[in-house]
Amino acid sequence: MHNLTYWLKSFLGKDNFRPGQREVVEALLSGRDVLALWPTGAGKSLTYQLPALLMPGLAIIVSPLIALMEDQVRQLQKCHLPAAYLSSSQSGPERVQILHQLEQKQLKMLFAAPERLLEENFLAQLQKQTISLLAIDEAHCINQWGHDFRSSYLRLGEIVKVLRPRSILAVTATSDPQGAEQISLSLGLDRPLLSRLSLDRPNLSYKVIKCASKQRPWLALAHLSRQAGVPAVIYVARRQQAEQLATFFSGRQFKAAPYHAGLSAEARQKILQEFLEGKFDLIAATIAFGMGVDKPNIRQVIHMAPPAAPESYFQESGRAGRDRLPGRCLLMWTAQDFKYWQHCLEDKFPQIQEIDKFVRLASAEKLTALEMRRTEFRAMSSGAWAMLVRAALGYEADLKAPTELKLEPEHLFNYFAALKEAAQRRLDIMERYCRTKLCRRRVLLQSLAQAGAEHCGNCDNCWHRQRLACRFKPNGAA
């Protein structure tokens, strides 16, 4: 067995393992698969970096975000460790150089998005390598019932069969038991070690305010103006709101910038880098400000409206206080917010009559998917249409060829009924979180199938309870 503490210090400059890390590293080194359900900031990157350096061959780390890959590779290269990433943001010469390093077996770690692994030429190059480890970061993206599903993640099981890695590691901070089971089945994990750490972040406080939309910028301003109010991330639902809020705070002596998918990749990267370097006090962002952004000293995360799922809120609010110092999480809401999400929910999934019509046209008339879309399904949202096509025809369906159903109609109906039911359940939990008089931390943890204390002492409901207890102490009580 490797002297892990020695290599931990030699390679990564760390003196000791944090909870759970050694167990996962030892399992991977022994050739065992691992599913790790760990909170943000628990040190998950070490669990694949150290085995990758110690095992013969190449480790592939699947990551959903370019910014996350860039940051990790930058840190590894500072330690003179052989790591690289491939992304669409790189120039042609950069990609050629990395592919040459790969061919010459000069790399120990290669970071890539799942979409790139599905490219036939790239996959053929990887087949020439000995794959020591396949690590899937943000593995909840596999979960079709989850808040951040990416269809390319669902196809990673195909990659496993082709590359046959010695060990597989799947890591996520936001999966309930149903999601964890789907991750394991989708990847074909072989009797995996389940490493579960408490998702509780005691250094984070939670507060919820019910208020009108026009009040929200001013309430956010009040919270940001207090001591240790920045750096901060303010989440909004729409791009225009991000722009408006950035302007609002910039006019009030804050260095603020918007961050959303409407900006170019170069602009987003520049804003993110300057935020990481402390040149901005706050970012007004849509969910495009995504997973794995590594800025440990974010003091506040403010949601101008509730997200549609507790997993989303847990992950986004969890970007505060990753340095383990106090972080504050504020959420503002009205009943209208949930009416909006309910409308989106109805629009997000195919309706029963739409599924029935699709099945009839695909089975009887053999129309192509493109013909059906143009003539019968123009009113469907693009997201619902894409979801229906993928489920009914498969992920690689030729939209110009006569349709051929891959699922029995009954299974198709049941599949979308289950998806909608799961989404509705998550929305209901989120509304309960906003309305509850109970400990908010407990409600949030229970939504992820974790136990929480009856009173955490660090949320607005617990503070209110403590104030009442002090006010109405019996006479003579200490």
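I began with Ala 257, which is buried, with a relative accessible area of 4%. The model I am reading is a predicted one, and I keep that in mind for each entry below.

I looked up where Ala 257 sits, and found it in strand β10. Setting aside neighbours within four places in sequence, I listed its contacts as Ala 246, Ile 271, Phe 280, Leu 282, Ile 283 and Ala 284. One of these, Ile 283, is also the bridge partner of Ala 257 in β11.

Next I followed the pairing of the strands, and noted that β10 and β11 (residues 282–285) run parallel and are joined by 4 bridges. In which order do the strands of the open sheet stand? I read the order as β8-β13-β12-β9-β11-β10, which makes 6 strands with parallel pairing. The edges are taken by β8 (204–210) and β10 (256–259), and each has a single partner strand, so one side of each is left without a neighbour in the sheet. From one strand to the next, I noted a twist that averages 15°.

I then turned to the helices on this sheet. Helix α13 lies across β9 (232–235), β10 and β11, and runs at about 140° to β10. Helix α19 (residues 409–435) also packs on the sheet, where it touches β8 and β13 (327–333), and its direction makes about 105° with that of β13.

For α13 itself, I recorded residues 265–276, that is 12 residues, with a reach of 16 Å from the first C-alpha to the last, close to the 16 Å expected. Which residues of α13 are buried? I found Ile 271, Leu 272, Glu 274 and Phe 275 to be buried. Seen down the axis of α13, the buried residues fall within an arc of 165°, so they line one face of the helix. As a reminder to myself, an α-helix has 3.6 residues a turn, so residues three or four places apart point the same way. On the face of α13 turned away from the buried side, I noted the exposed residues Glu 266 and Lys 270.

Last, I checked Ser 447, which lies in helix α20 (residues 440–447). Ser 447 is buried, with a relative accessible area of 13%, and its side chain reaches the backbone oxygen of Leu 444 at 2.5 Å.

Note on methods. Residues numbered from 1 in each chain as written. Predicted model: local features only at pLDDT ≥ 70, side-chain atom pairs only at ≥ 80, totals over all residues. Heavy atoms only, no water. Helix = DSSP H or I, 4+ residues; strand = E, 2+ residues; numbered from the N terminus. Expected span 1.5 Å × (residues − 1). Buried < 20%, exposed > 50% of the residue type's maximum accessible area, 1.4 Å probe, protein only. Arc of directions from axis to C-beta. Polar contact = N/O pair within 3.5 Å; in protein donor to acceptor, adjacent residues only side chain to side chain. Pairing = 2+ DSSP bridges. Axes fitted to C-alpha atoms, helices over the stretch in contact; angles between N-to-C directions. Contact = heavy atoms within 4.5 Å.
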